[in-house]
Amino acid sequence: MTSFTVLFRLLVSALVVWSLVACTVAIPESLSQPQACTDGNTVLNLGFYAFFEPVSYSANSDPAVSDFNTHQGYEADLLSALEAMENTGLSFARSGIAAWDQIWLQSAQPQFDMVGGGITILDSRTRDAGGDKVVTFTSGHITFRQSLLVRTEDANRLASHDLLTSDVRVGVLAGTTGEARLLQLTGLADDEGVLLADTRIDTPEGAVVSDGSVAYAITAAGASPVLEGRTHVYPPGDNMPQVIYLGDELGDVEIIEALRMGQIDAVARGEVGNREAVHALGAGFTVTAFDSQVEYGGFTLPAEDTNLIACINERIDWLTDERTIGYAEWLADPGIFQQRADHWNAARTE
């Protein structure tokens with residue numbers, strides 16, 4: 001046997017061994033037969049916010065009709081892809097939720113096992129009134145950036161938060177990051193949400209005036225008791241806007257309608273929703289004042305469901321390709337999460 005033949009056989013043997021190793025690495029046993037998230041017979045009761053188009057919304061805005069529980073939008077497609085992933089065992093019975101107020105804590109109540117609807121991930125939103133951690137967020141699957149929705153004719157006048165003056169009326173939904181960041185970016189509140197001294201707030205119990213203490217604070221997780229049901233914030237100076245509270249019945253839909261009717265001058269909320277509103281309203285509206293701070297949105301589950309959360313996180317991270325696939329990619333191709341689920345399934349049958 002020539003030295004060339006020996007060398008060739010050694011090379012072939014090495015290639016065979018390498019191929020076997022490569023195949024093993026390509027589809028590890030832990031991924032080819034993943035642990036299911038449930039026993040396969042469990043249906044998780046999922047509540048979703050019904051008025052955040054296009055992220056999470058109901059087919060019908062009337063809670064009295066059955067279509068109110070028909071989930072649509074970005075999160076609906078993401079959840080459907082989770083259900084389609086083999087060896088996962090996830091199934092959701094979905095119910096619309098009309099009220100935004102502390103919606104993230106509802107997964108700690110008996111009615112729901114999991115809650116979503118474009119909810120920004122904040123540690124403060126994982127705790128109840130007593131400060132106990134009662135829910136945990138899943139992996140972030142969507143990015144948000146706060147902004148202002150304005151009439152096109154006001155785009156230059158309302159181009160940034162530092163241009164907002166006391167004659168500008170900004171509509172917000174209470175308890176959102178849109179409200180909290182607006183207050184911070186305009187100087188009406190500090191980083192802890194404490195309102196500037198001499199700020200006047202209208203409430204159902206009458207007007208109150210902030211003394212600059214923590215007794216007058218508003219965050220994305222809640223507000224001081226004296227500020228519950230707030231309807232209007234009047235700034236203590238001319239270089240800050242008025243804040244108008246709307247959306248008790250129809251959420252963001254009500255606020256956008258107020259802008260269209262000229263009752264307010266701007267809407268403070270996330271870029272995703274504001275850009276969708278421009279698409280729906282037409283060229284007479286635009287988005288300005290983009291926040292430099294990026295937020296992530298996720299679902300909440302009871303804090304004690306650690307194994308279920310970890311399993312769902314693994315699947316969400318797969319579907320989003322570790323956050324490289326998100327809202328923009330879904331908007332360009334609404335079937336992208338189902339395609340990812342199909343890829344997951346194919347990799348486990350090869």
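**Note on the sheet and the disulfide**

1. V170 stands opposite A266, a residue of β17. The model is a predicted one.

2. β10 and β17 are part of an open sheet of eight strands with mixed pairing. The strand order is β12-β11-β15-β16-β10-β17-β9-β18. At the edges are β12 (206-209) and β18 (285-288), each of which pairs on one side only. On average, neighbouring strands of the sheet are turned by 25° against each other, direction ignored.

3. Helix α5 (residues 252-260) packs on this sheet and touches β9 (146-151), β10, β17 and β18. The direction of α5 makes about 150° with that of β17. Helix α6 (residues 271-281) lies across β9, β17 and β18, and runs at about 130° to β17.

4. The disulfide count comes to one. The bond joins C37 to C311, with an S to S distance of 2.1 Å. C37 sits in the loop between α2 (29-32) and β1 (44-49), while C311 is in helix α7 (residues 306-319). The two cysteines are 274 residues apart, and the pair links distant parts of the chain.

5. The torsion about the S-S bond of C37 and C311 is about -85°, so this disulfide is left-handed.

6. Are the two cysteines, C37 and C311, buried or exposed? Buried means under 20% relative accessible area. C37 has 13% relative accessibility and therefore counts as buried. C311 has a relative accessible area of 9%, so C311 is buried.

Note on methods
Residues are numbered from 1 along each chain as its sequence is written. This is a predicted model: local features need pLDDT of at least 70, side-chain atom pairs count only at pLDDT 80 or more; totals for chains, interfaces and linings use all residues. Side-chain values use heavy atoms; hydrogens and water are left out. Two strands pair if DSSP finds at least two bridges between them. Helices (H or I, at least four residues) and strands (E, at least two) are DSSP runs, numbered from the N terminus. Axes are lines fitted to C-alpha atoms, for helices over the stretch in contact, and angles run from 0 to 180 degrees between N-to-C directions. Contact means heavy atoms within 4.5 Å. A disulfide is a pair of cysteine sulfur atoms within 2.5 Å. Buried means under 20% relative accessible area, exposed over 50%, partly exposed in between (1.4 Å probe, protein chains only).
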